[in-house]
Amino acid sequence: MGFGFTRINVRMDIKFILLILLAGFYLVAGSSHFVFPKFYYKAMPPFAKSRAKELNTFVGIAEILAAIGLLLPATRMWAAIGVIILLIGVLPVHTHMVRDPNPAFKVPRWLLWARIPIQFVLLAWAAWYIV
């Protein structure tokens, strides 16, 4: 006798809850590009500064679309692939912030370093929804 749970059901429930959290994360992250654009402009590495506004807008829209796409079964796999591509694409911003921290951010250096491995956790998290 049990509670009607199987390992598969529990795993699928956790995977679904984590999917909602991932989509929520990208919805908030994408929206923040439009609410706090100057923060993102300052974070751009020198080679991207001339296109900071366009890149910020692109990433914001991409993150919002990824959030929506992750929630729809028909587009989930492609949205997850898009998230992975996006994470790889923004990695230079994170490495730039570690190498050349802008004092205007007032972000502790350890937190800037922590963002690098977090990128890989997010990448693996998104990859879970490809299969």
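Is tyrosine 26 counted as buried or exposed? In this predicted model, where local features need pLDDT of at least 70, side-chain atom pairs count only at pLDDT 80 or more, and totals for chains, interfaces and linings use all residues, residues are numbered from 1 along each chain as its sequence is written. Side-chain values use heavy atoms, with hydrogens and water left out.

Tyrosine 26 counts as buried, at 2% relative accessibility (buried means under 20% relative accessible area, exposed over 50% and partly exposed in between, with a 1.4 Å probe and protein chains only). Phenylalanine 25, by contrast, is partly exposed, at 39%. The structure holds three aromatic pairs (rings of Phe, Tyr and Trp, the last by its six-membered ring, with centres within 6.5 Å; planes under 30 degrees apart count as stacked, over 60 as edge-to-face and the rest as tilted). One of them joins phenylalanine 25 and tyrosine 26, whose ring centres lie 5.0 Å apart with planes at 85°, so the pair is edge-to-face. Another, formed by tryptophan 128 and tyrosine 129, is tilted, with 5.5 Å from centre to centre and 50° between the planes; here tryptophan 128 is partly exposed at 25% relative accessibility, while tyrosine 129 is buried at 6%.

Helix H4 (residues 76-99) and helix H5 (residues 109-127) have axes that come within 9 Å and cross at roughly 170° (helices are DSSP runs of H or I of at least four residues, numbered from the N terminus; axes are lines fitted to C-alpha atoms over the stretch in contact, and angles run from 0 to 180 degrees between N-to-C directions). The two helices are therefore roughly antiparallel (an angle over 145 degrees).

Conventions: Angles under 35 degrees count as roughly parallel, over 145 as roughly antiparallel, 65 to 115 as roughly perpendicular and the rest as oblique.
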